[in-house]
Amino acid sequence: MEEQVQYAKTILEGAKVSASIDKKVDSIIKEEVKSYLSGQKSAEEVSKLVQKPRHDLVEQVTVVDRSSTIK
């Protein structure tokens, strides 16, 4: 377990946040990673919770993109 936590910390420390990431999604990711690192949630639980808002955001962007190309 400690090895996994150290690995996750190493990955996160080297990660760069893109300015294009939605602030809400970024906040959810940070909170869920904290709950994983503290042992409150499994990686699978965190993954599911993080994927939902990202999926919703992609859907919103896709709808906006489609509507802007309709003539």
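Reader: Which residue takes a positive phi just after α2?
Author: Just after α2, a positive phi of about 85° belongs to one residue. This is a predicted model, in which local features need pLDDT of at least 70, side-chain atom pairs count only at pLDDT 80 or more, and totals for chains, interfaces and linings use all residues. Residues are numbered from 1 along each chain as its sequence is written, and side-chain values use heavy atoms, with hydrogens and water left out. The residue with the positive phi is Gly-39.

Reader: Is Glu-32 buried or exposed?
Author: Glu-32 lies in helix α2. Buried means under 20% relative accessible area, exposed over 50%, and partly exposed in between, for a 1.4 Å probe and protein chains only. Because its relative accessibility is 13%, Glu-32 counts as buried.

Reader: Which residue forms a salt bridge with Glu-32?
Author: A salt bridge places a side-chain nitrogen of Lys or Arg within 4 Å of a carboxyl oxygen of Asp or Glu. Contact means heavy atoms within 4.5 Å, and, leaving aside neighbours within four places in sequence, Glu-32 is in contact with Lys-41, Val-46, Leu-49 and Val-50. With the closest N and O atoms 2.8 Å apart, the partner of Glu-32 is Lys-41.

Reader: What separates Lys-30 and Asp-26 along helix α2?
Author: Their side chains meet in a salt bridge at 3.3 Å, N to O. Lys-30 is partly exposed at 47% relative accessible area, whereas Asp-26 is buried at 18%. Because Lys-30 and Asp-26 are four residues apart in the helix, their separation is about one helical turn.

Reader: What is the N to O distance in the salt bridge of Glu-31 and Lys-34?
Author: Glu-31 and Lys-34 are three residues apart in helix α2, which means a separation of about one helical turn. Glu-31 is partly exposed at 46% relative accessibility, and Lys-34 is exposed at 52% relative accessible area. The side chains of Glu-31 and Lys-34 meet at an N to O distance of 3.5 Å.

Reader: Which residue's backbone oxygen does the side chain of Ser-35 reach?
Author: Ser-35 is placed in helix α2 and is buried, with a relative accessible area of 6%. Beyond neighbours within four places in sequence, Ser-35 is in contact with Gln-40, Lys-41 and Val-46. At 2.7 Å, the side chain of Ser-35 reaches the backbone oxygen of Glu-32.

Reader: How are α1 and α2 oriented to each other?
Author: Gln-4, Val-5, Ala-8 and Leu-12 in α1 meet Val-33, Tyr-36 and Leu-37 in α2. The axes of α1 (residues 2–14) and α2 come within 10 Å and cross at roughly 155°; axes are lines fitted to C-alpha atoms, for helices over the stretch in contact, and angles run from 0 to 180 degrees between N-to-C directions. Angles under 35 degrees count as roughly parallel, 65 to 115 as roughly perpendicular, over 145 as roughly antiparallel, and the rest as oblique. Therefore α1 and α2 are roughly antiparallel.

Terms used
Helix = DSSP H or I, 4+ residues; strand = E, 2+ residues; numbered from the N terminus. Polar contact = N/O pair within 3.5 Å; in protein donor to acceptor, adjacent residues only side chain to side chain.
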